[in-house]
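Hi everyone, thanks for coming. Please have a look at the model on the screen, and then we'll walk through some side-chain contacts together.

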Amino acid sequence: MFLYRKPFWIVVLVLLTAVLSACSSSGDREALFATVSNTERSSSEISAVGTKAPGGIAATISSVMTVEPVDRNGVELSPAPATTVDPGTAPDAAADSGVSQLHAYLDDLTERAQFMGTVLIAKDGEILLHEGYGLADIGTERPNTPQTQLRIGSLTKQFTAAAVLRLQQLGKLNVGDPVNAYLPDYPGGEQITIHQLLTHSAGVPNYTRRQDLAQVVQTPVTMQDLLAQFSGQPLEFSPGQQFAYSDSGYVVLTAIVEAVSGVSYADFIQEQFFEPLSMTQSGYDFLSDDLVDPAVGYQLTPGGPQRAIDTESSWASGAG
């Protein structure tokens, strides 16, 4: 859980069942991972007046809350009603008003089958809202609850970045180093730094554009074979010169984490984060895992939620 310890600021963490592990029949990123990527874009629309959210789905809400309508896989979401709070209103009342409006907005989206998931809102360490919305499994009508386990898609990248910084903290690597310092056989690794991979500025082509990706993602892939999906392709631009969102870059980072730590990515995240932080219901999700209360992955379509492909996690790696 991410908290901003500043007066009047609320951090909103939204885990969307509709976007977690969502895949479609098409092979490129725009289709296969459309729900995840569209949610990343739409979530940045949740912001405080004059304050842009720092990315992902952590946002701040101040005296006025607005949520813009966003087309998500052809489904246009209705805007949440703006909440204007009297400047003389006490801070707690302002926060309560913002939470109430967000709750009403999510209820409305849920009723219209435009949202399913779990929402957590906290302010200054106090949980203000922690509820499930919609169904975790449409077939059995099992509802989402705060205990529902959801795949977090590309939010996995936050853990990958944290793993890299943890290794730097331990003196095992430096983000200014070139890739070939840790992956000697990676083509062109001498011209790409870890920092550029972290900031999507390395120019590494995105392997999720593979046209037949939907046909192969249910079969496990090795790290070596996954890297081979893109490592032999020319860079899209000179490293450090542009920004282009790249799942491939975070696969390379995952390979670096494993090479430097000497353990699997899943084990490193478990040992360094989940266990010390008592995150007992979090972990790297293998399809073979017997989860207690897992959410089924869905994709929003104009015809309503549709069951997503059960993607084998090795294809997403530390990118998703």
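Let's start with Tyr 284, which is partly exposed, with a relative accessible area of 22%. Here, buried means under 20% relative accessible area, exposed means over 50%, and partly exposed is in between, using a 1.4 Å probe and protein chains only. Before we go on: this is a predicted model, where local features need pLDDT of at least 70, side-chain atom pairs count only at pLDDT 80 or more, and totals for chains, interfaces and linings use all residues. Residues are numbered from 1 along each chain as its sequence is written, and side-chain values use heavy atoms, with hydrogens and water left out.

Now, the aromatic rings. A pair of aromatic rings is described by the distance of the centres and the angle of the planes. Rings of Phe, Tyr and Trp (for Trp, its six-membered ring) pair if their centres lie within 6.5 Å; planes under 30 degrees apart count as stacked, over 60 as edge-to-face, and the rest as tilted. How many aromatic pairs does this rule give? The count is 5. One of them joins Tyr 265 and Tyr 284, edge-to-face, at 5.9 Å centre to centre with 75 degrees between the planes. Tyr 265 sits in helix α9 and Tyr 284 in the loop between α9 and β12, so the pair ties together parts that are 19 residues apart in sequence. Helices (H or I, at least four residues) and strands (E, at least two) are DSSP runs, numbered from the N terminus.

Is Tyr 265 buried or exposed? Tyr 265 is buried, at a relative accessible area of 4%. Together with Phe 286, Tyr 265 and Tyr 284 make up one aromatic cluster.

Next, the charged side chains. A salt bridge is a side-chain nitrogen of Lys or Arg within 4 Å of a carboxyl oxygen of Asp or Glu, and the model has 7 salt bridges by this rule. Among them is Arg 142 with Asp 293, whose closest N and O atoms are 2.5 Å apart. This pair links distant parts of the chain, 151 residues apart: Arg 142 is in strand β11 (residues 142–143), and Asp 293 is in the loop between α9 (265–274) and β12 (298–299). Arg 142 is partly exposed at 24%, whereas Asp 293 is buried at 15%.

Another salt bridge brings Arg 210 and Asp 212 together, 2.4 Å from N to O. Arg 210 is partly exposed at 27%, and Asp 212 is partly exposed at 31%.
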